[in-house]
Amino acid sequence: MIMAAKILIVDDEESIRISLEETLKGGGNEIVTAGNGEEALQKIAESQPDLMLLDMKMPKMGGLEVLQKIKNRNSNIKVIVLTAHGDMQTALLCGRVGVRNFIEKPFDLKELRAEVKSALEPLQRKQEAELMRHQQQEEFDGEFIRCMNPNMQQIYRIAAKASQRTPTTLLLRG
């Protein structure tokens, strides 16, 4: 089963946090919110989100400072910057810390959903690959091989025992 993503919404405007939360929770995602940069860093440590929607202009600690602090922690959080002040300098500074996605306020909710979906696609592909790998492992586990021939059943039991000790390649000839 593909797990829902954890999304952290960081904005000093409560109405924007509520609007974004309502928009994004419909996809089964777990939503966490923060009203400033300091609270965002605390929420990151507590919940380890997959994606953060981050306002640039906030009291106490701005978005750029939050980005620099999470980069110093080697965080793998994907970030979408929300800004009413989309100037080139902000874009360059954010680009230096790995941010590639910007949405200008006021934003279109349809565009925002598309950006979130695009940012989360690598995570979902990774989860799907892990799920497939797990299913294939179960499928090919010796316990799941069915055979009516008692001689072949004995061979499968021996092969299963041998594979549990060390990684081994077995060649069955017959």
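Is Lys-60 buried or exposed? Lys-60 is exposed, because its relative accessible area is 67%, where exposed means over 50%, buried under 20% and partly exposed in between, using a 1.4 Å probe and protein chains only.

1. Basis of the note. The model is predicted, so that local features need pLDDT of at least 70 and side-chain atom pairs count only at pLDDT 80 or more, whereas totals for chains, interfaces and linings use all residues. Residues are numbered from 1 along each chain as its sequence is written, and side-chain values use heavy atoms, with hydrogens and water left out.

2. Overall architecture. The chain has 6 helices and 5 strands, taken as DSSP runs (H or I of at least four residues for helices, E of at least two for strands) and numbered from the N terminus. Read from the N terminus, the elements follow the order β-α-β-α-β-α-β-α-β-α-α. Of the 174 residues, 31% are buried. Among contacts (heavy atoms within 4.5 Å) that link residues at least 6 apart in sequence, 61% join residues at least 24 apart. The chain exposes about 11800 Å², of which carbon and sulfur atoms supply 49%; this area comes from the Shrake-Rupley method with a 1.4 Å probe, and for residues only the protein chains shown count as cover.

3. The strand β3. This strand is mostly covered, with 5 of its 5 residues buried. Leu-51, Leu-53 and Asp-55 point one way from β3, while Met-52 and Leu-54 point the other way. In general, the side chains of a regular strand alternate between the two faces of the sheet. β3 runs parallel to β1, to which 4 bridges join it, and it also pairs with β4 in the parallel sense over 5 bridges; pairing here requires that DSSP finds at least two bridges between the strands. Within these pairings, Leu-8 stands opposite Met-52, and Met-52 in turn stands opposite Val-79 in β4.

4. The nonpolar cores. A nonpolar core is a set of buried Ala, Val, Leu, Ile, Met, Phe, Trp, Tyr and Cys residues joined through side-chain atoms within 4.5 Å. The largest one holds 20 residues, and those that touch the most other members are Leu-8, Val-10, Met-52, Leu-54, Leu-67 and Val-79. At least two residues of this core come from each of β1 (6–10), β2 (30–34), α2 (37–47), β3 (51–55), α3 (63–72) and β4 (78–83). A second, separate core has 17 residues, including Ile-9, Leu-20, Leu-53 and Leu-112. Leaving out residues up to four places away in sequence, Leu-54 touches Val-10, Gly-63, Val-66, Leu-67, Val-79, Ile-80, Val-81 and Leu-82.

5. The covered side of α3. Gly-63, Val-66, Leu-67 and Ile-70 are the buried residues of this helix. They lie on the same side of α3 because they cover an arc of only 100° around the axis, the arc being that of the directions from the helix axis to the C-beta atoms. Their cover includes α2, β3, β4 and α4 (88–96).

6. Backbone points to inspect. Most residues other than glycine have a negative phi, and most peptide bonds are trans. Lys-60, in the loop between β3 and α3, has a positive phi of about 70°. Gln-48, in the loop between α2 and β3, has a phi near 45°, and at 59% relative accessibility it counts as exposed. The peptide bond from Lys-105 to Pro-106 is cis, with omega near -10°, and Pro-106 is placed in the loop between β5 (101–104) and α5 (109–140).

7. What does the side chain of Asn-29 reach at 3.3 Å? It reaches the backbone nitrogen of Ala-5, and the backbone oxygen of Leu-24 at 3.4 Å. Asn-29 lies in the loop between α1 (14–24) and β2, and counts as buried at 15% relative accessibility. Ser-47 is found in helix α2 and is likewise buried, at 13% relative accessibility. Apart from neighbours within four places in sequence, Ser-47 is in contact with Lys-6 and Val-32.

Key
A polar contact is a pair of N or O atoms within 3.5 Å; within protein, one must be able to donate a hydrogen and the other to accept it, and residues adjacent in sequence count only if both atoms are side-chain atoms.
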